[in-house]
Amino acid sequence: MKFSRMMTFIAAMVIAVAIGLTVKTLFFNHNGYGSRTIGVASIGGPFELVNHKGEIVQDSEFSGKYLLVMFGFTNCPDVCPTGLQLISEAKELLGSEVKNVQPLMITVDPERDTIEVLADYVSNFHPSVVGLTGTVDQIKAVAGAYKAYFAKGENDQNGDYFMDHSPFIYLMGPNGQYLDHFAPNTSPEAIANRIKSAITES
Ligand code: NI
C-alpha cells in the first residue's frame with residue numbers, strides 16, 4: 001500500500017512538473033518576443049480617413065515612417081493642445097536628421113472637425129502635423145483599432161459639447177507595429193529619445 005501510494009505521489013509530481021514546464025515554456029516564449037507585446041500587439045491597424053487637405057489617406061501611405069498618433073478634437077481645452085505642443089517640441093528636438101516621424105491627429109469629433117477646421121487647427125503646431133477626419137464609422141473603426149476611448153458629452157445651452165477621449169500619444173513603427181505610448185505629461189525629450197532608440201534598435 002505504501003509503495004503504490006508513493007508511486008501515485010510520484011506520478012502526480014511528474015504531471016505537476018510537466019504542466020509547470022509547459023506553462024513556463026509558453027510564458028517564456030512570449031516573453032522572448034518581448035512581454036510588452038502581450039495584449040498590445042493588436043494596437044493599430046488599417047484605416048482610411050481624410051486629411052486636412054481633403055485627400056483620402058490610408059495607413060499604407062505612412063508605411064516606412066514612425067507615427068505619433070493622437071486622438072482628440074479641435075475644441076479640446078487642454079489635453080489636445082498640450083499633446084500637439086508636445087509632439088511639435090519632440091519633432092523640433094529630433095530636428096532635420098530624423099525626418100521619417102509623422103505626427104497624426106485623428107479627430108474624434110468629425111461632426112465639427114471638418115477638413116477646413118482641422119486645417120486651421122493643425123497650422124498652430126509643427127508643420128509636419130497631419131489632421132485626419134472621416135465619417136463617424138471610420139473614426140469609430142480607427143479609434144477601436146488603437147483601443148482609444150472616446151465619448152460625446154451632453155450638449156450645453158449653447159449646443160456645445162465636450163468629447164471625452166484617451167489622452168495617449170501612440171508611437172508606431174515603420175511597419176505599423178505598436179512601439180510605445182506616452183501620456184500628455186511626458187517631456188518632449190523623453191519622446192524624442194524614445195524615437196531615437198527605436199530607430200537605433202531597428
Ligand atoms: Ni483633447
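Helices and strands are here DSSP runs, of at least four residues for helices and at least two for strands, numbered from the N terminus. On that basis, the protein chain of this predicted model comes to five helices and nine strands. From the N terminus on, these elements follow the order α-β-β-β-α-β-α-β-α-β-β-β-β-α. The chain has 202 residues, of which 38% count as buried.

**Nickel site**

- The nickel ion is coordinated by SG of Cys 76, SG of Cys 80 and NE2 of His 165, at 2.0 to 2.1 Å.
- Along the chain, the donors of the nickel ion have the spacing C-x3-C-x84-H.
- Buried means under 20% relative accessible area; Cys 76 therefore counts as buried, with a relative accessibility of 5%.
- Cys 80 counts as buried because its relative accessibility is 0%.

- E3 pairs in the parallel sense with strand E4 (residues 101–107), over seven bridges.
- Within this pairing, Met 70 stands opposite Met 105 in E4, and Leu 68 stands opposite Pro 103 in E4.
- E3 and E8 run antiparallel and are joined by four bridges; Val 69 stands opposite Tyr 170 in E8.
- A right-handed β-α-β unit is made by E3, helix H2 (residues 79–94) and E4.

- E4 is mostly covered, seven of its seven residues being buried.
- Val 101, Pro 103, Met 105 and Thr 107 point one way from E4, Gln 102, Leu 104 and Ile 106 point the other way, and all are buried.
- E4 and strand E5 (residues 130–133) run parallel and are joined by three bridges.
- Leu 132 in E5 is the bridge partner of Ile 106.
- E4, helix H3 (residues 115–122) and E5 make a right-handed β-α-β unit.

**Aromatic pairs**

- A search of the whole structure finds six aromatic pairs.
- One of them joins Tyr 121 and Phe 125 in an edge-to-face arrangement, at 5.4 Å centre to centre and 65 degrees between the planes; both Tyr 121 and Phe 125 are buried.
- The ring centres of Tyr 146 and Tyr 170 lie 5.4 Å apart and their planes stand at 65 degrees, so this pair is edge-to-face.
- Ring pairs link Phe 71, Tyr 146 and Tyr 170 into a cluster.

**Charges over the ring of Tyr 161**

- Arg 112 lies over the face of Tyr 161, at 3.6 Å from the ring centre.
- Lys 152 has its charged end over the ring of Tyr 161, 4.3 Å from the centre.

- The buried residues Ile 139, Val 142, Ala 143 and Ala 145 are found in H4.
- These residues are on the same side of H4, because they cover an arc of only 160 degrees around the axis.
- In general, an α-helix has 3.6 residues a turn, so residues three or four places apart point the same way.
- The exposed residues Asp 137 and Lys 140 are carried on the face of H4 turned away from its buried side.
- Lys 147 lies in the loop between H4 and E6, and its phi is near 55 degrees, a positive value in a residue other than glycine.
- For context, most residues other than glycine have a negative phi.

Terms used:
Residues numbered from 1 in each chain as written. Predicted model: local features only at pLDDT ≥ 70, side-chain atom pairs only at ≥ 80, totals over all residues. Heavy atoms only, no water. Donors = N, O, S within 2.8 Å, 3.2 Å for Na, K, Ca; no water. Buried < 20%, exposed > 50% of the residue type's maximum accessible area, 1.4 Å probe, protein only. Phe/Tyr/Trp six-rings, centres within 6.5 Å; stacked < 30°, edge-to-face > 60°. Lys NZ or Arg CZ within 6 Å of the ring centre and 35° of its normal. Pairing = 2+ DSSP bridges. Right-handed = clockwise from strand over helix to strand, strands pointing away. Arc of directions from axis to C-beta.
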